[in-house]
Amino acid sequence: MLLAGAARRLLAVFELGHSRQSFNSLTASSLNAPARSRLHASSLAGVNLHLHAEETSQESGSGLNTAKTSAAYALTFAWPYIRQQAFYRSCGLEARLVELEDGTIMSCWIPKRSKARAVTPSVKPALVLLHAFGTSGISWNYQVGPFSKLFDLYIPDLVFFGDSTSTNLARSELFQAECVYKILQQLGVHKFSIIGTSYGGFVAYRVAHLYPDSVHRLVISSSGVCMDPSSDQTLCAKYNAKNIKEILLPTTVEGLKRTARLGFYKEPRMFVPKFIWEDYLETQSMKNYKEKTELADGLVLGKADSPPLPTVPQETLIIWGEFDEVFNLKLAYQLKQHIGEKAQVVVIKNAAHVPQVEKASEYNKKVLAFLSERETTTESESETPSERKTQ
């Protein structure tokens, strides 16, 4: 139980879930050949937990204990992801793979189909949630419950994250935005609001700019859309990193722990066994590593030679953690100034880069209020950092 709780908390820190492939890889490595073939033949949703006991019971002596322990470790790590998937389904969602015409396959959580739904289309507005760099669509577990009561949710894995992949050589956030729009069109979603956190915020901003008639409202969460080449220097200097990719794409357990700590104002008190860190590093951080590196290099935003940042016409909520080390709070106010009177800033106190996890209740309340009925920005929330210093 302790390990299961720690593993669940680790997933929350990274805003991520374990992929189907990585679960099969991890679990199958501790089973014999017949067990592996049977495991791979089953779906993740229908994993038969009796399989572990049945196959390991055929072992003898010390091999029995070793196999049982390995299988238990595999199940401990995978169990939080299985629970997250089950939770998404309990909120009326189902996973779908959609093939686009440009060699891209995207995975997306969408509202479940039903006969009643086919006869009477949903009256709920559509809401798209875009995850951060290095995570996947399963990372919105603190938002799916309350948001699904008011919206039809569409939660894709961005290309090269989760189960989404592509043979296309494009790597910019503009390409990601085009893919998000295409999958929504294929799913029959033509009008929607969109939320993007961190890297997902870059993509959401591009979607809002490229397809203004389709986007109703925009939420930018902890995302340095207005960053410049110097924006990463302070963070890299503090953690002795050569460049931001060392932080975004850690290749060691210590680097992975550092990245996890960046998300929180107060580091969660938990014990995470080393094997969990190692397995996550192998099966998630290193998965599509080359392509993820190219995505980081392919960003158009923040480059010295980037074209001027376009503005967006939508009502926009810019929501930020007060102590965000990844993207300094001043970037929120710069974006508000760039967009103009249609933008408002909300600061979540005592939170860092993942306020949607660290202060989920407050975050959800602010976002839902904005999406359903424009919230009046208070004086304390709309003042600039320089104004706060003079008070």
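1. The model is a predicted one. Two cavities of 30 Å³ or more are counted in it. The second largest cavity holds about 40 Å³ of space. Its lining consists of Gly-134, Thr-135, Phe-160, Phe-161, Gly-162, Gln-284, Lys-287, Asn-288 and Lys-292. By class, that lining has two nonpolar, five polar and two charged residues.

2. The largest pocket has a volume of about 780 Å³. Its lining is made up of 43 residues, and those nearest the centre are Phe-133, Ile-244, Ile-247, Leu-248 and Val-326. Two or more lining residues come from each of α1 (2-14), α9 (199-210), α11 (244-248), α12 (253-262), α13 (274-285) and α14 (289-297). The lining of the largest pocket divides into 27 nonpolar, nine polar and seven charged residues.

3. The mean pLDDT of the protein is 79, with 73% of the residues at 70 or more. Residues 1-64 have pLDDT below 50, yet this stretch has 121 contacts in the model beyond near neighbours in sequence. Helix α1, which contributes to the pocket lining, spans 2-14 and falls in that stretch of residues 1-64. Where pLDDT is low, predicted coordinates should not be read in detail.

4. Does the length of α9 agree or disagree with what its residue count predicts? At 1.5 Å a residue, its 12 residues should span 16 Å, and the end C-alpha atoms lie 17 Å apart, so the two agree.

5. Helix α9 is mostly covered, with 10 of its 12 residues buried. The buried set runs through Tyr-199, Gly-200, Gly-201, Phe-202, Val-203, Ala-204, Tyr-205, Arg-206, Val-207 and Ala-208. These buried residues pack against β3 (126-130), α8 (173-186), β6 (192-197), β7 (215-221), α14 and α15 (330-339).

6. Ala-208, in helix α9, has a relative accessible area of 0%; the cut-off for buried is under 20%, so Ala-208 counts as buried. Leaving out residues up to four places away in sequence, Ala-208 touches Val-215, Leu-218, Val-312, Pro-313 and Gln-314. Ala-208 and Thr-316 are 108 residues apart in sequence, while their C-alpha atoms are 9.9 Å apart in space.

Notes. Residues are numbered from 1 along each chain as its sequence is written. This is a predicted model: local features need pLDDT of at least 70, side-chain atom pairs count only at pLDDT 80 or more; totals for chains, interfaces and linings use all residues. Side-chain values use heavy atoms; hydrogens and water are left out. On a 1 Å grid over the protein atoms alone, a cavity is a set of points where a 1.4 Å probe fits but cannot get out, and a pocket is an open set with protein on both sides within 12 Å along at least five of seven lines; lining residues have an atom within 4 Å of a point. Grid points are joined across faces, edges and corners, and a volume is the space filled by probe spheres set on the points. Helices (H or I, at least four residues) and strands (E, at least two) are DSSP runs, numbered from the N terminus. Ala, Val, Leu, Ile, Met, Phe, Trp, Tyr, Cys and Pro count as nonpolar, Asp, Glu, Lys and Arg as charged, and the others, Gly among them, as polar. pLDDT is the predictor's confidence in each residue, from 0 to 100. Contact means heavy atoms within 4.5 Å. The expected span of a helix is 1.5 Å times one less than its number of residues. Buried means under 20% relative accessible area, exposed over 50%, partly exposed in between (1.4 Å probe, protein chains only).
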